[in-house]
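This report looks at how the parts of a two-chain protein model meet one another. Please keep the sequence and the structure in view while reading.

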Amino acid sequence: MKQYDAIIVGGGHNGLACAAYLARAGRSVLVLERRHVLGGAAVTEEIFPGFKFSVCSYVVSLLRPQIIRDLELPRHGLEILPLECSFAPAVDGPGLVRWPDARRTREEIARYSAKDASLYPEFGREMAQLARLVKPVIDEPSPDPASLHPTELLRLARLGKPFRELGARGIHQLVKMMTLSAADFLDEWFESDVLKAPMSVSGIIGTYLGVRSPSTAYVMLHHYMGEIDGAMRAWGFSRGGTGEVSMSIARAAQAFGAEIRTEAPVAKLLMRGDEAAGVVLADGTELRARVVVSSVDPKLTFTRLVDAKYLPSEFTHALSRYRLRGSSGKVNLALDALPEFTSRPGDGLHIRGDIAVAPSIDYLERAYDDAKYGKFSRRPYINVVLPTLTDSTLAPPGKHIMSCFVQYAPYHLATGPESWPQHREAFGDTVVDTLEELAPGLKNRILHRQVLTPWDMEQDFGLSEGNIFHGELSLEQLAFLRPAAGFAHYQTPVRGLWMCGSGTHPGGGVMAAPGKLAAERMLKERAL
Amino acid sequence: MPNATPFHPRTQALCQSYKWKDWSGYCAPCVYGMSPEREYNAIRNGAGLLDVTPLFKYDVSGKDAARFLSRVLSRDVRALKPGRMTYLCWCDDHGKVLDDGTCAHLGDGRSRLTAAAPALHWLMRHARRYDVTVADVSDEVAALALQGPTSRAILRDACGEVVDGLKFFGVATARIDGFEVVLSRTGYTGDLGYELWVDNAHALALWDALSAAGKRHNLEPVGLDALDISRVEAGFVLRGIDYTGANEALIEAQKSSPYELGLGWTVTLERDGEPFIGQAALEREKREGSAWALVGLDVDWPAIEALYAEHGLPPHVPSAAWRSMVPVYRDGRQVGRATSGTWSPTLKKNLALATVEASVSEPGTPLYLEWTVEWSRQVVPAVVTKTPFFDPPRKRA
């Protein structure tokens, strides 16, 4: 019976990236995907005839440029189209557009506050400086400050070097970012709600926290990381939908010799003594490998794949406190015609970027208030994109796709997560009603509506508790603490079992960094 | 003072950047909007509409047209069928390239040559012995490039099924709103794309027809900056930038042969009948080897990031392509110069076109390129790479 060097559980972008890097290093690799399509949550599917939805993940945020080069992804079909601007429509008034052009952005902000307009570029520069500290962290395994191993200490010192260059002011800002809420942090800079509200949401995306919850300021930094990638313009759409990111990585992996099987659900690990020796498929087939790499989230990995008896109780306990609690949903609309925002009618450049339904800080906090007590927001934060304006391969000419990321849709409804199917359409109606207020006539243009609740994300996409990042991106679950202290280097308590998903450092988003870093770690440790 | 092309009323209205440049005596937009990036993306992901009227165009007709052209061009075009176009260059007596361009067989013994620089005198000088008429139609024929993945859909909407049968480097005649337009499936972007040739009188009607059809297919007007990014990705050389036309070179060292420019594949040495101009010299060079080679360079991006990091800066590349001569080194010795380059938004790579000594031109050869950060001259590793850097299957499909 054939023994692979590595079997990867899950064909999402991280599993595939891990496979590609291992295959590139000459290892025999098999990827097993439960569904009929590859991509996991980075997937494109034709849900309505002629319309290809990026069903879950809808923008490419921080896909590592080094991975694009290493795996020659453009040769395998990857093309990224930048998101150009950010529009926050209002029920009355022109709202706000932040453009890639400094002068135009200044004029936009000055409508609300001349002071904010003049300070905005300075804020951007300061954030970019701070983000520079964070960027090397996501391109390397996270050093553990509790470790006394010389290489760990050396790496820690190297990462620390830019901190010294920050100066006192920079360090003060950083500490504030790590402790303050997004709203409080922005209050230190700006006065205009119209500006602060759409800026603050980058602190809460994917978390079960509000813009006034402490520590949400830090997550805003990730937003600026895309910008310090500078020329790389990492924020954008993948041509053909987000699934093309996964597909291009899959094609690269196959070109390096990796095998990929779809509709091959893994039931559990195949053990030899207390070591992982392969996997058992749902149909009973046993497949052997020197290592098994799980790209599914930590909860699935350690409750479904591995029998608890193989895990130290301290580890199981640590993971039981790992916070997933998904808080977002997704509504994908197939449209007969473009929406018309009363704020700014027409199909101009302003609707080609992302459109943020975030009219004020209070609005966002109220949306969180609903969620705190187990209801979806009556008026949610919605991040809308119209990818068909830049990518004509997604829908028939003249037709459009409106992709809506919606927060809050807490997994833990007061009536229990399993009650989500009863609330699904009401949730979809809430989203459409919210948008209809800003873009009257939208309802009549909808040809098809797909509503994805956190429950659906768990059931259909294997995202435990519907968490899009395989665990919240909050400070206490990042870096050397992701997914658990002592296990941040992709290894697990089970010999022969490794992790490479978004539940490992540096976390979620379509970065593919966990997959790459895990592969590199395994190769370095001669695990296979 | 540059002239206005027949499309000027449209391009001027659209050009919000006020950035124009002189292209062969015509004013041409560098960029319409805020940055060339979105226009570049139109070329790669929707379609870009570009005024290429400033190209020089010569119509050659008469009994000897094909024989005459095969004498002056380095490529034998006698076998070029009606409805076909080909890419080529032409040389002086010493086998040094004067210019590169295209030759289309339009049917009825009529061919059209395009050129980057004026070539009328050169053509007339050699035409005397042939039964041909050479007409300079540069100022009579307006031209548009329609480039990008949706260009075919736009043309189908604008002028019907004639587009469907048009293969790569094919030429056809179509009618739009009652006037005639020559279509060729060619371009300077390395993508699926077409060029359209029309009498000046119908230029605006053509622009309007394409704009209308493009509404549903992500069509954008694009300027020369975006074109420059895509042509470097496609590995196309540009006369006056990557090489000097032999008739404009001030010294011998500035001249290049087709082999040195990577255009050897367009040269037909094996042929019946009379030789072409420069043939003897090129036969000799082919036998003895060339001194230089034009290559692609993949410039190591992490090394550039590291250089900037030493200065405490995030990496920076200009948003448009660069076109200045930059030294290329091997083992500390200068072995050539890069002549143009760009950050490739699609490949996420830093690319350059360079002329290097033939001995270091094999793909994979590690070289160094000068890179200036904060006024400090450094070198970064660059690997010789086959061009085109970017070659999507849709170009030929």
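This is a predicted model: local features need pLDDT of at least 70, side-chain atom pairs count only at pLDDT 80 or more; totals for chains, interfaces and linings use all residues.

**Domains 1 and 3 of chain B**

The domain assignment of chain B places residues 8-55 + 138-222 in domain 1, residues 57-137 + 257-288 in domain 2, and residues 292-394 in domain 3. Between the C-alpha centres of domain 1 of chain B and domain 3 of chain B there are 31 Å, and the contact involves nine residues of domain 1 of chain B and eight residues of domain 3 of chain B. About 690 Å² is buried between these two domains of chain B, and carbon and sulfur atoms give 49% of that area. Within domain 1 of chain B, the residues that lose the most area to domain 3 of chain B are P36(B), Y40(B) and R44(B), which together account for 47% of what that side buries. The rule also finds one salt bridge across this interface. R394(B) and D191(B) form a salt bridge in which the closest N and O atoms are 2.5 Å apart.

**Domains 1 and 2 of chain A**

Chain A is likewise divided by its domain assignment, with domain 1 covering 3-42 + 61-81 + 240-322 + 470-524, domain 2 covering 84-232 and domain 3 covering 325-461. The C-alpha centres of domain 1 of chain A and domain 2 of chain A are 29 Å apart, and their contact draws 17 residues from domain 1 of chain A and 22 residues from domain 2 of chain A. Between domain 1 of chain A and domain 2 of chain A the count is zero salt bridges, while two residue pairs are in polar contact, both residues being at pLDDT 80 or more. The side of domain 1 of chain A that touches domain 2 of chain A divides into 12 nonpolar, three polar and two charged residues.

**Chain B against chain A**

The contact between the chains takes 28 residues from chain B and 30 residues from chain A. In chain B, the residues losing the most area to chain A are M34(B), N45(B) and K348(B), together 26% of what that side buries. Three salt bridges are counted between chain B and chain A. E84(A) forms a salt bridge with R38(B), and the closest N and O atoms of that pair lie 2.7 Å apart.

**Buried areas**

| Interface | Buried area | Share on carbon and sulfur atoms |
|---|---|---|
| Domain 1 of chain B and domain 3 of chain B | about 690 Å² | 49% |
| Domain 1 of chain A and domain 2 of chain A | about 1,700 Å² | 65% |
| Chain B and chain A | about 2,600 Å² | 51% |

Notes
Residues are numbered from 1 along each chain as its sequence is written. Chains are lettered from A and ligands numbered from 1 in the order in which they are written. Side-chain values use heavy atoms; hydrogens and water are left out. Domain bounds come from an automatic or database domain assignment. Contact means heavy atoms within 4.5 Å. Buried area is the accessible area (1.4 Å probe) that two parts lose on being put together, summed over both. A salt bridge is a side-chain nitrogen of Lys or Arg within 4 Å of a carboxyl oxygen of Asp or Glu. A polar contact is a pair of N or O atoms within 3.5 Å; within protein, one must be able to donate a hydrogen and the other to accept it, and residues adjacent in sequence count only if both atoms are side-chain atoms. Ala, Val, Leu, Ile, Met, Phe, Trp, Tyr, Cys and Pro count as nonpolar, Asp, Glu, Lys and Arg as charged, and the others, Gly among them, as polar.
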